[in-house]
Amino acid sequence: MVMASALGMVVDASIATTVSFVAEQLGGTLNQEDLTGAFKASVAYALSQQQENIERSLFFKCEERHRNDLLSEFVKNSEVQGGLEKLLEDEGLPDSDIFCELLKNIAAEKNIELNEIGLNHWIDLFFEDFFERTVGIRFQVAKQRYLKQLCIRLQQVEFIGIAVESREQDQVALLENIFVVPDLRGDSPKTDYLSRERELLELEEAKGRQMALIREQQLEVGNDIELGPITSATKILNQVNGSRFVILGDPGSGKTTLLRYFTLKLAEGKPEEIGLGSGDDWLPILVRIRDWVLRLQDCSFLEYLQGYCERSLSVCRLPEDFFDYWLNRGKALILLDGLDEVVDEATRQEVVNRIRSFLNISDYKKNPAIITSRPAGYRRSFFQMDSYPHFELQKFDEPKIEQFVDNWYNKRQLDPEEALEGKKSLLGAFEQNNRIKLLSSNPLLLTIVAMIHRYQAYLPRKRYELYDKAVDTLLLRWDQGKKLKSPVDRDIPESQRLQYLIPDDFRRLMEMLAYWIHDFTETNDREKGTLIERADLIEQLSISIKEILEEKNKKLSRHSARLEAERFIEFIRDRTGLMNEQGQDCYAFAHKIFQEYLTAQEIYYRQSDEFEEVINHVRKYLHVAHWREVILLLIAQQVRGNPSKILKEILGLDSDYEKWLHRDLLFAGSCLAEDVQVKDKGLATQILRQLVQL
């Protein structure tokens, strides 16, 4: 009866107006029915509590119709609306004195007598009760603020760190416009991956590292194991409620972009697009593990999340138990990115333990979670595979490359005809050059290729110019694009920070290393670089580091050079995408073409004015398959009269069986196809005529 008499139709209408305004100010998607109900109930509660003590009752001196009129004006007041808005933003209870004064002023204007003894008491009762009734609504308000900031942060992809000259408008794109959903290959249920790890360790102890490497390569190409099923990345989350997964992928394969896409879809309220229930109230929690590690000893995971939102997302006033609220309901998608970026092995193991402990909290077990890592340095024992199915990101196949190119031009080129021309040109370039097409199966490298093509409207005929951009990106700029200041970032242990090398040395050092690796042994794999043991790598790097520093008149002891070599390996492995650890203590270039290109650069660096270094390599390796790409890339960079000299040398070699096989002539033709600048036009014509006749 109290509520019915106190809140007549006039007051109800005022409450509806206020609730509608407050909801609109807070994002417009709140449940206004629940908010209205809480508001009315709190007014009624304050009235009913005061009726128990008539001397403290605010309205006992005025008639009911005056009371309703007074409440109606009070509810509609902008000061009240602002107070409710701040309260729902979890800024705490408002100052009752302000609203007491407001109510007194309204009463004075209407000549209504109030019992001022009960004024503060009524105001406090109302706001305290409303605060208690709107816990869920306050979490929803905070969630909207949080999701809005996530959208701002994630919806645009900035191509920071990609070493490609471009127009300002081309340096950013909407994630949704260019994203291509990758495929994942699940672990085969018939393969005991833990036994594989033990097998390799035992084989190494018994027969040496080389035998273990051979066996590891056999396993990698699937000779001895059954491959698991392939599924779209957006389908793994709908398998079972509370599923947890580990996604492994090489540098540039799209691990971070995939988690950003999942987060963005939930922030946009589209869970069904990533395999979660349509209309469900999901909260994404995206954490870059390397950032969390910086606060590992200072706070819990939930405390880190609260601080991260305030520091990095600019989301203030989150309720104290904000994340716990959704975690307890099983409606948080936990996305932990980049376990491999934790450099120190002991810290990495501690992080794994903390992740497992957090996800195993009984109240949190229903929440799905995804952890990503490079395969290098990851151990299947980190997360039990029966509880955490493992998936590996697949390279882009031809349809996905075409889809990316389609998105790239359709969404970023306003003129449909120009977009169509751009797509045809880029796809045509892939068809003409299979090496670039192979390179573009990696999403990061595909993006580099697409940026070059969009800016220049074509891909350079000189492949080395394209590879130069890719190497520069992966070696020097990619990690900067991840917001790192330098390779001596504060999350790197002191023992692993480079002491003597500077970024200007990195490229030169990798050229020297590539040449040594390429000359050291060969691989018949079209894509993967040569595998080198860590001990051999350190030894060679030590020699090269001393040489580089001596060129700058800096002496370094053998011991110091070795320590710097060890630090450089850690930097290359953990901070760049150019060289990977492929198996325990075994390294290789991420793609064989980088090994070949940098080898060619080393020869180019060595060549003297007499040009003998280049000629000697041509004579020695012209028809060695392992060196073919190196020689082509080397010749393509020559200037002035050098290309003509090399072509004459090739045609004059008279290689074995040249009369029947024409290998010298065909190689000379391949050089012309690389757009080699031949000043002797007669020589070029001679080669072309002989090819036509052949």
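## Salt bridges around E613

E613 and R606 form a salt bridge in which the closest N and O atoms are 3.6 Å apart. A salt bridge here is a side-chain nitrogen of Lys or Arg within 4 Å of a carboxyl oxygen of Asp or Glu. E613 is partly exposed, with a relative accessible area of 25%, and R606 is also partly exposed, at 35% relative accessibility. The classes are buried (under 20% relative accessible area), exposed (over 50%) and partly exposed (in between), with a 1.4 Å probe and protein chains only.

This is a predicted model, in which local features need pLDDT of at least 70 and side-chain atom pairs count only at pLDDT 80 or more, while totals for chains, interfaces and linings use all residues. Residues are numbered from 1 along each chain as its sequence is written, and side-chain values use heavy atoms, with hydrogens and water left out.

An α-helix has 3.6 residues a turn, so residues three or four places apart point the same way. Helices (H or I, at least four residues) and strands (E, at least two) are DSSP runs, numbered from the N terminus.

R380 counts as buried, at 15% relative accessibility, whereas D187 is partly exposed, with a relative accessible area of 21%. Side chains of opposite charge can pair when their charged atoms come close.

## The seven-stranded sheet

Strands β3, β8 and β9 are among the members of an open sheet of seven strands, with the order β4-β3-β9-β5-β8-β7-β6 and mixed pairing. Its edge strands are β4 (230-232) and β6 (283-288), each of which pairs on one side only. Neighbouring strands of this sheet are turned by 25° against each other on average, direction ignored. For such angles, axes are lines fitted to C-alpha atoms (for helices over the stretch in contact), and the values run from 0 to 180 degrees between N-to-C directions. Two strands pair if DSSP finds at least two bridges between them.

Strand β9 (residues 390-393) pairs with strand β3 (residues 183-186) in the antiparallel sense, over three bridges. In this pairing G186 stands opposite F391, and R185 has E392 as its bridge partner. Strand β5 (residues 244-248) is joined to β9 by three bridges as well, but these two strands run parallel. L248 stands opposite E392 in β9.

## The three-stranded sheet

A further open sheet has three strands in the order β10-β12-β11, with antiparallel pairing. The edge strands are β10 (532-533) and β11 (579-581), and each pairs on one side only. β10 pairs with strand β12 (residues 586-589) over two bridges, and E533 stands opposite C586 in β12.

F589 is also found in strand β12, and at 0% relative accessibility F589 counts as buried. F589 and I517 are 72 residues apart in sequence, with their C-alpha atoms 9.6 Å apart in space.

Helix α28 (residues 642-651) has the buried residues N642, P643, S644, I646, L647 and I650. These pack against α26 (612-621), α27 (628-636), α30 (663-673) and α31 (681-693), where contact means heavy atoms within 4.5 Å.

Y657, W660 and L661 form a nonpolar patch on the surface, with about 410 Å² of accessible area together. Patches are made of residues with over 30% relative accessible area and no salt bridge; like charges are joined within 9 Å, and nonpolar side chains (Val, Leu, Ile, Met, Phe, Trp, Tyr) within 5 Å. Accessible areas come from the Shrake-Rupley method with a 1.4 Å probe, and for residues only the protein chains shown count as cover. W660 is found in helix α29 (residues 658-661) and is exposed, with a relative accessible area of 62%.
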